[in-house]
Amino acid sequence: MDAVHHTPARYTADEALLRLVAGNERFLRGDARFPTVQKEILADLARGQHPYATIIGCSDSRVPPELVFDAGFGELFIVRVAGNVISSEVMGTLQYAGVHLRTPLFVVLGHEECGAVRAALASKDHGARERERIELLLTKILPGLEELDADVSSPARLTSAVEANVRWSMRQLRETPEGQARMAEGIVKLVGAVYDLATGSVRFLPD
């Protein structure tokens with residue numbers, strides 16, 4: 001989410017968010033337009049990309065952002081990693097989106113029943129252990145779960161943990177120097193969302 005140096009973005013952050021909402025509504029109605037492949041569109045994209053939103057999502061095969069938001073080729077810049085965790089590699093990719101692609105909207109997209117968040121909860125609550133590299137992944141989720149209510153039942157606790165993990169990822173992005181600068185400018189927007197596996201609906205989180 002670094003500074004904009006080139007031509008203005010095609011959409012404002014608010015306009016980009018409305019496009020995502022409208023796309024999810026088409027997806028829910030069964031009116032999705034994806035995939036629509038036309039050679040002239042691909043030829044135009046070969047010359048450069050101008051995505052209107054960057055999505056930081058989970059790798060779960062059931063949550064493909066292009067389908068969920070009914071977006072076509074070149075419309076979304078997508079970073080996917082289990083548990084939508086933030087790492088230096090993810091940060092670098094997002095910085096590229098801000099500096100070179102100038103996307104005005106960044107979305108952290110979690111989803112209900114997230115396996116990575118479930119594993120982090122098992123580690124936190126019961127000391128469960130995973131393979132070494134999975135453990136490293138879970139350590140990036142655990143800080144966001146510290147303030148969860150211990151008295152909440154298991155299903156509701158996982159739902160709360162998924163949302164807390166989205167907010168933790170957002171917090172890490174906001175606390176970077178470039179994130180703070182872009183938020184202060186009021187041009188770039190960062191929002192959180194949770195996808196419902198059972199219904200296909202995306203719920204955008206309040207600030």
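Which residue forms a salt bridge with E75? In this predicted model, the partner is R19, and the closest N and O atoms of the two are 3.2 Å apart. The pair links distant parts of the chain: R19 sits in helix α1, residues 13-29, while E75 lies in the loop between α3 and β2, 56 residues away. R19 is partly exposed, at 27% relative accessible area. E75 is at 14%, so with the cut-off for buried at under 20%, E75 counts as buried.

A second bridge also connects helix α1 with the loop between α3 and β2: R26 is in the helix and D70 in the loop, 44 residues apart. Here the N to O distance is 2.5 Å. D70 is buried, with a relative accessible area of 0%.

Next, R29 and D31. Their side chains meet in a salt bridge at 3.0 Å, N to O. R29 is exposed at 52%, and D31 is partly exposed at 44%. Through shared partners, salt bridges join R19, R26, R33, D70 and E75 into one network. The count for the model comes to 16 salt bridges.

Now the nonpolar side. The largest nonpolar core has 34 residues, and those with the most contacts inside it include I56, L94 and V108. Among the elements that give two or more residues to this core are β2, α4, β3 and β4. Helix α7 gives the most, with 7 residues.

Take V108 as an example. Beyond its neighbours within four places in sequence, V108 is in contact with residues including I56, V166, M170, L173 and V191. There is also a second, separate core of 18 residues, which includes I55, A71, V191 and V202.

Definitions and conventions. Residues numbered from 1 in each chain as written. Predicted model: local features only at pLDDT ≥ 70, side-chain atom pairs only at ≥ 80, totals over all residues. Heavy atoms only, no water. Core = buried A, V, L, I, M, F, W, Y, C linked by side-chain atoms within 4.5 Å. Buried < 20%, exposed > 50% of the residue type's maximum accessible area, 1.4 Å probe, protein only. Helix = DSSP H or I, 4+ residues; strand = E, 2+ residues; numbered from the N terminus. Contact = heavy atoms within 4.5 Å. Salt bridge = Lys/Arg side-chain N within 4 Å of Asp/Glu carboxyl O.
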